[in-house]
Each structure stands twice: as structure tokens, then as C-alpha cells.
Amino acid sequence: MLNGKVALVTGGGRGIGREIALTLAEKGAFVVVNYRGSEEKAKETVEAIRHAGGTAVSYGCNVADFTDCGEMIKNLIEEYGHIDILVNNAGITKDSLLMQMSEEAFDSVVDVNLKGCFNTMRHLSRQLLKQKGGKIINISSVSGILGNPGQANYCASKAGIIGLTKSAARELGSRGITVNAVAPGLIETEMTKGLSENARKTLEEKILLKRSGTAREVAEAVAFLASDAAGYITGQVIAVDGGMAV
Ligand code: NAI
């Protein structure tokens with residue numbers, strides 16, 4: 001279904017990003033697993049893909065760095081000729097109440113989560129226009145739709161992704177390029193491991209399906225948006241949240 005496609009997945013060393021990389025590869029894409037800190041983790045993703053019969057490489061780059069993202073995109077196009085699917089998944093949290101939030105906590109979260117999406121999209125869009133096609137999928141969050149106490153920085157960055165996605169969809173649509181966002185709810189990963197039992201219970205109460213989701217459930221939605229089956233879907237925010245934001 002994605003045979004012959006080159007996919008770049010940011011933050012693909014673990015969690016949802018790893019599952020997205022595995023799922024796209026399973027469906028036939030050649031996957032570039034981007035990472036910042038842990039090369040080892042990214043290599044584990046690549047190994048898991050190869051073990052399952054797929055093809056992948058890892059590539060280190062901090063998505064918050066505009067120049068480095070430009071280099072990454074340029075090098076990948078030189079090496080592989082085209083990039084067909086971009087999944088902006090890399091993200092961080094630095095939670096605290098607004099009145100206690102440091103400037104650094106705000107800036108760094110916005111830099112990785114929101115500017116990271118801008119950086120890759122900015123550098124890839126010219127190539128996608130030349131190709132007259134491509135799929136961009138940005139990982140937002142249900143928190144970007146609902147807001148969340150203690151996460152003003154994170155929610156602002158994830159809401160920003162929605163505006164960025166819709167604007168890019170409007171700019172690039174006439175050349176056959178689709179741009180969509182996926183907004184996961186509560187998904188079991190390292191990011192949410194720190195939640196107290198109480199916080200988890202309170203959240204699960206708000207979820208119509210009464211359970212947290214899996215990284216695979218997010219990855220399947222991303223793979224759908226990356227496929228031709230979703231060829232007429234653009235500018236959308238698909239919630240994968242068990243009905244949390246209904
Ligand atoms: P995670 O913390 O397990 O994985 C995030 C990945 O991003 C890590 O591999 C990390 O190394 C990478 N990363 C962080 N900063 C980076 C940078 N500057 N450059 C390149 N890579 C970088 O988190 P998880 O849960 O897998 O989240 C993935 C995405 O899904 C994030 O954007 C997150 O905000 C979003 N999300 C997660 C939810 C959850 O419940 N786990 C809910 C809603 C959204």
C-alpha cells in the first residue's frame with residue numbers, strides 16, 4: 001500500500017513514533033527514523049523494522065533547530081530522491097502551573113513541538129510542490145483542543161499545530177499535497193508513565209471507551225492518512241482519543 005514511498009518520522013526512537021515507523025514500514029514504506037538524543041533507541045526501531053522484513057535507516061537531528069532540519073531534508077532528498085510522507089511526531093512536555101512556569105519551559109516545549117513541525121514542513125514543502133504530491137501528518141493532542149491545567153505550554157504548542165496544519169493544507173492543496181493532524185488522547189507510552197493512578201482514573205472516566213489507547217491505534221490512523229485511501233482528506237484533525245474530546 002505504501003510501496004515505493006519514502007517516509008520521515010520524527011522522534012521515532014520510542015513510543016508512538018516508533019509504532020508509526022513500524023506500521024508505515026509494514027505497509028511497504030522505506031522509513032527514515034529521526035531521533036535527537038538516543039541513537040541507540042532509533043537503531044532499535046530500525047532493527048525491529050528490518051526484522052519484520054521492512055526497510056529503514058536512522059537519522060539524527062534536533063527538530064527544534066531550523067538549520068539542522070534544512071540539512072536533514074536536503075541530505076535525505078539527495079540520498080533517496082524524494083520524500084513522500086512526513087510525520088511530525090517528536091514532542092516533549094515540561095508541565096507546571098502557568099503562574100510557576102519558567103520562560104525556558106514555555107520556549108523549549110513550543111520550540112520542539114510547534115516550531116519542530118514548522119521547520120520540517122518549511123524545508124520539505126518546496127520539494128513536495130515539485131513532486132506534485134505528498135502527505136504531511138502532524139501529531140497534535142487532545143490537549144490542544146481541550147486545554148489542560150498544568151500544561152499551558154504543551155497545549156499552546158499542540159493547538160498551534162492545528163493552525164499550522166490547516167494553513168499548510170490551504171497553501172499546498174492545489175498541488176495534490178494533503179496536510180492533516182492526528183490528536184491522540186491518553187496513550188500508554190513513556191510520556192504518560194509518570195501519571196498517578198488517581199490522575200489516570202480521572203482521565204479514563206472522561207474517555208467514552210473507558211480505557212487508554214495504544215500507540216498502535218494512533219499509528220493505524222497515521223498510516224491511513226499517509227495512504228491513497230485518504231487521498232481526499234486534508235486540513236483535518238482526526239482525534240484518536242476513545243471519544244475524550246467529543
Ligand atoms: P515519547 O516521549 O515516548 O516520545 C517522544 C519522542 O520524541 C522521543 O523519541 C524523543 O526522543 C523525541 N524527541 C523529543 N524531542 C526531540 C527533538 N527535539 N528532535 C527530535 N526528536 C525529539 O512520547 P510519545 O507519548 O510517544 O509522544 C509522541 C507524540 O505524541 C508527541 O508529539 C506527543 O506530544 C504526542 N501525544 C502523546 C500522547 C500520549 O498520551 N502519549 C497524547 C497526545 C499526543
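**Contacts, cover and cut-offs**

Author: A nitrogen atom of the ligand lies 2.7 Å from an N or O atom in the side chain of Asn 62. Before you ask: this is a predicted model, where local features need pLDDT of at least 70, side-chain atom pairs count only at pLDDT 80 or more, and totals for chains, interfaces and linings use all residues. Numbering starts from 1 along each chain as its sequence is written, and side-chain values use heavy atoms, with hydrogens and water left out.

Reader: Over to Asn 113. Why is Asn 113 called buried?

Author: Buried means under 20% relative accessible area, exposed over 50%, and partly exposed in between (1.4 Å probe, protein chains only). Asn 113 has 0% relative accessibility, so it counts as buried. Its place is in helix H4, residues 103–131; helices (H or I, at least four residues) and strands (E, at least two) are DSSP runs, numbered from the N terminus.

Reader: What does Asn 113 touch?

Author: Contact means heavy atoms within 4.5 Å. Leaving out residues up to four places away in sequence, Asn 113 touches Ala 90, Gly 91, Ile 92, Tyr 154, Ser 157, Lys 158 and Ile 161. With Ser 157 there is a side-chain polar contact of 3.2 Å.

Reader: What makes Glu 78 and Lys 74 a salt bridge?

Author: The rule is a side-chain nitrogen of Lys or Arg within 4 Å of a carboxyl oxygen of Asp or Glu. The N to O distance for Glu 78 and Lys 74 is 3.9 Å, so they qualify. Both lie in helix H3 (residues 66–80), four residues apart, about one turn of the helix. Glu 78 is exposed at 57%, while Lys 74 is partly exposed at 44%. In total the structure holds 15 salt bridges.

Reader: Why does the Glu 104 and Lys 94 pair tie together separate parts?

Author: Their side chains meet in a salt bridge of 2.9 Å, N to O. Glu 104 is in helix H4 and Lys 94 is in the loop between strand E4 (85–88) and H4, so the pair ties together parts that are 10 residues apart in sequence. Glu 104, at 46%, is partly exposed, and so is Lys 94, at 31%.

Reader: Arg 200 and Glu 197 next. How do you know whether each is buried or exposed?

Author: Arg 200 has a relative accessible area of 11%, so it is buried, whereas Glu 197 has 55% and counts as exposed. Elsewhere, salt bridges that share partners join Glu 19, Glu 26, Lys 27, Arg 216 and Glu 220 into one network. Back to the pair: the closest N and O atoms of Arg 200 and Glu 197 are 4.0 Å apart, and they form a salt bridge.

Reader: And what makes the nonpolar surface patch?

Author: Leu 208, Leu 209 and Val 246 make a patch of about 380 Å². Patches take residues with over 30% relative accessible area and no salt bridge, joining like charges within 9 Å and nonpolar side chains (Val, Leu, Ile, Met, Phe, Trp, Tyr) within 5 Å. Val 246 has a relative accessible area of 87%, so it is exposed. Val 246 sits in the segment after strand E7 (237–240).

Notes: Accessible areas come from the Shrake-Rupley method with a 1.4 Å probe; for residues, only the protein chains shown count as cover. A polar contact is a pair of N or O atoms within 3.5 Å; within protein, one must be able to donate a hydrogen and the other to accept it, and residues adjacent in sequence count only if both atoms are side-chain atoms.
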